[in-house]
Amino acid sequence: MADTSARPVPTAVGPTLPLIGRSDTKPTWCPGCGDFGVVAAVEMAVKRLRIPSHNVVIVSGIGCSSNLPHFLSSYGFHGIHGRAVPVAEGIRWANHDLTVIVTGGDGDGFGIGIGHLIHAMRRNVNLTYVTMDNQIYGLTTGQSSPTSMMGQRTKSTPEGVIENPIDPISLALASGATYVARGFSAEVKHLADLIADGIQHKGFSLIDTMSPCVTYNKLNTFDYFRQRVYKLEAAGHDPTSLPKAFERSIEWGDKIPIGLFYRATKPTYEDLEEVLQGGPLWTQPAGLKGHEKVLDEFI
Amino acid sequence: MGLHVFGLNAYQSVIRGGHVWFQARTSSERPYSQGDGADLLYCLNRETFDVHAPALRPGATVIYDPERLQIADSELPVGTRALPLPTMELARKYTTQPILQNAVGLGAAAFISGIPLDVLHGVLTDSFGKKAGDILQWNLRASTDGYEYAGRHASISERAVHRAGPPKLLMTGNQAIALGAAAAGCKFLAQYPMTPATSIMHWLAAHAQELGIVVKQAEDELAAIHMAIGASYGGVRAMTATSGGGFSLMVEALGMAGMTEVPLVVVESQRAGPSTGLPTKTEQGDLNLMLGAGQGDFPRAILAPSNPAEAYRATIDAFRLAEDWQIPVIVASDLHLSESIATVDREEVPTDVPIPSLLTVPSGTMEYRRYAYTASGVSPRALPGQPGLQYVTGSDEHDAQGHLISDVKSGIPVWIAERTRMMDKRMRKLAGVTAASRAPVFEGPPDAALTFVAWGSTVGAVRDALPLLAAQGHSTNLLYFPTVFPLDAVATRAAMAKTKKTLLVEGNFTGQFGRLLRAETGIHLANTLFKYDGEPFYPHELVARAREVLTDG
């Protein structure tokens, strides 16, 4: 099978191929927001891989965190709520030379957009999805989210949440994602390692990033995570084992694992889509000229 | 034989059982609809006779197998005759597989219709020539048996057909749309199955590798349209197709295509609503939905072809308009157009369609602005991957560079003005789209006493009604709107000034196009014929209503 998903990683980047950096738009996030760490980690990861900024598209939906594409110097598609993933899939299939990164919040990805996420994971589309999971709806001023913990009081649940939270990690493992990790936005270097690995990984990468909302989530704060997180890499976890990954995924309490839960090598959607074996779709010939014989079946 | 054909495939929303029938009309002149009446009825069960006998015309023949059903002579409509045909008995000579009876029946039907046996054998050879074993031979012999049996027990219809010229193409509206998309350079289709749009995906999927088109069955219509938008943004011509239910789910994304100015073609093949409605029956009830889909104002176009040849052309036009004007373009079909089959001349499906490169902005252009203000409203569109042209496209309101002005800038005077400028820029495109779209067309005699006003597949039955009315001494013509939106108000007013009496014909309850025409021109079309029973218009219905209007209206 032709390896069409391999991304060109130039060894030298000249002045016409600038590395990714900050754009002239300053982030509008609240001071202290976890998302500052995520944008820094994305920038660091892409820079480290030396992927020219014009070959990167960052796709997002709607929410505080979904503003991220505006703050970097790559191409960006800031779409509508919950629909970043299918837009990103379409971009990949039009031009699989591009590095496509999806960013967005827990409401965007695990609430309104969860259907698309599950299907993208089972397709093993070569996307890197970095969620900024703050377990709250921030931009709409503090309602419960699909990852809010049981009992959490929010504006929409003044008596406390009475639903079980979604666990993105076990969901991703069950859905067929081939790179499943959790980051913490205060651990920027560690997060950048995970994102860089995820970008280099061939297949769907989910990096669920705990990115505290300093304004509306008084429960899952930076301190909350600092007291609980431990690194899977240091704990001897074997990321090639799916059962072990599931085992770690249900740990959420006094100890919260961060790092790589699972990685598997499987063909991507782009590897299996026959038409894409002819090169990036946008470079292929179009039209019926030369294919007139398709009309014969109508005679 | 080079004849024109129109075929109506009627079925119900069940996979097995129900009453299913196929109606074919053929002539050396092009039929534009299924027409009125039948000259040959082939009954596989008694229900077929009960349902369709009233449509039989004098001289018609009813074919049936007396082993399956009984029809008493007294039940036959006046002037018609029956051919009891032992299809099962004749077919059993070759196989116990009951499907071979069809070949016997086809043979008899060919004899009565005046179709030479060698023509039928040619068709059967095309269909079964590659099958293993004796299947082709069985079909050839069984059809010969049916043909000869009819020769002994029936006579050739007085409406028998004759060879008319070189072979024509025969295709459904959906196949024409799929072909048109391919001809226009479409490289990506994302779709979720929904009757009656599904067969667009079937045709493109069957030819995906040959034509180099990625066909993606999405998890839902939300994904389908967003994938198409992503692919278009990514640098290929892209399309999605659905019916009203799926289109309802696509509404928010349609607005995003308008806001981000990403070219997009959406096929909306309407079926009878509201809600699930009549999934296998036709209607033109989604025009309001197409007109109003999406919050806020943004430019769009709605093209409404009336038959497969026009569907091919309209789909190519849709891609051109979408690309030239960076807007969403809707091809409004319906079940009657999408699933009926009709003949198309080879010249009507040109394959040498110009397909310009989408790389229109030189890489490294200085001071590139994705949403630059221009006189036409169209701004140069770079593609991701082009060095030095990076931009962020957004569903939020933005400035010329694409920077959003929806948060810390909103409400500040300079940005209030920017918002107005950007809205004006986008909406300015409508004037250009109007000029670039097909204007309303008159068909039939000028100075007619009555003008039918119609759009979409309804136009077919009108075209067939015009000669019927002429034969009755009534001069009528048709004002047809291949572009439903933007409606060219100037051209429409000028056209309406040339009419005497008018009759608005639409396949919906409220006269949705009539309302649009009134909103855009101030002209109220008082005489109407609206149909919302799920069935297509029949020419005789139009004739009857036109005569009423000519007398009283």
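Student: Where is the place of Pro274(B) in chain B?

Tutor: Pro274(B) sits in the loop between strand E10 (264-270) and helix H11 (287-292) of chain B. Helices (H or I, at least four residues) and strands (E, at least two) are DSSP runs, numbered from the N terminus. This is a predicted model: local features need pLDDT of at least 70, side-chain atom pairs count only at pLDDT 80 or more, and totals for chains, interfaces and linings use all residues. Residues are numbered from 1 along each chain as its sequence is written, with chains lettered from A and ligands numbered from 1 in the order in which they are written.

Student: Which peptide bond joins Gly273(B) and Pro274(B), cis or trans?

Tutor: The general idea comes first. Most residues other than glycine have a negative phi, and most peptide bonds are trans. The bond between Gly273(B) and Pro274(B) is cis, with omega about -5°. The bond from Thr195(B) to Pro196(B) is also cis, with omega near 5°. Pro196(B) belongs to the loop between E7 and helix H7 (198-206) of chain B.

Student: What is the phi of Asn124(A)?

Tutor: Asn124(A) is not a glycine, yet its phi is positive, about 55°. Its loop runs between helix H4 (114-123) and strand E4 (128-133) of chain A.

Student: Is Asn124(A) buried or exposed?

Tutor: Here is how to judge. A residue is buried if 20 or more other C-beta atoms lie within 10 Å of its own, exposed if 12 or fewer, and partly exposed in between; the C-beta atoms are placed from the backbone. Asn124(A) has 24 other C-beta atoms within 10 Å, so it is buried. Glu261(B) has a positive phi too, near 60°. Glu261(B) lies in the loop between H10 and E10 of chain B. Glu261(B) counts as buried, with 24 C-beta neighbours inside 10 Å.

Student: How many helices and strands are there in chain B?

Tutor: Chain B has 18 helices and 20 strands. Buried residues make up 50% of the 553.

Student: Which strands form the open sheet of five in chain B?

Tutor: Strands count as paired if DSSP finds at least two bridges between them. In chain B the order is E15-E17-E16-E19-E20, with mixed pairing. Strand E15 (441-443) and strand E20 (528-530) are at the edges with a single partner strand each, so one side of each has no neighbour in the sheet. Strand E16 (residues 450-454) and strand E17 (residues 476-480) of chain B pair in the parallel sense over five bridges. Phe452(B) has Leu478(B) as its bridge partner in E17(B).

Student: Which strands does helix H15 of chain B lie across?

Tutor: Residues are in contact if their C-beta atoms, placed from the backbone, lie within 7 Å. Axes are lines fitted to C-alpha atoms, for helices over the stretch in contact, and angles run from 0 to 180 degrees between N-to-C directions. Helix H15 (residues 458-471) of chain B lies across E15, E16, E17 and strand E19 (501-506), at about 165° to E17(B). Helix H18 (residues 539-552) of chain B also packs on the sheet, touching E16, E17, E19 and E20. The direction of H18 makes about 150° with that of E19(B).

Student: How many residues of chain B are in contact with chain A?

Tutor: On chain B, 58 residues are in contact with 53 residues of chain A. H9(B) gives the most to that side of chain B, with ten residues. For classes, Ala, Val, Leu, Ile, Met, Phe, Trp, Tyr, Cys and Pro count as nonpolar, Asp, Glu, Lys and Arg as charged, and the others, Gly among them, as polar. The side of chain B that touches chain A has 31 nonpolar, 18 polar and nine charged residues.

Student: Which strand of chain A pairs with E14(B)?

Tutor: Strand E2 (residues 75-78) of chain A pairs with E14(B) in the parallel sense, over three bridges. His78(A) stands opposite Gly394(B) in E14(B).

Key: Two residues are in contact if their C-beta atoms, placed from the backbone, lie within 7 Å.
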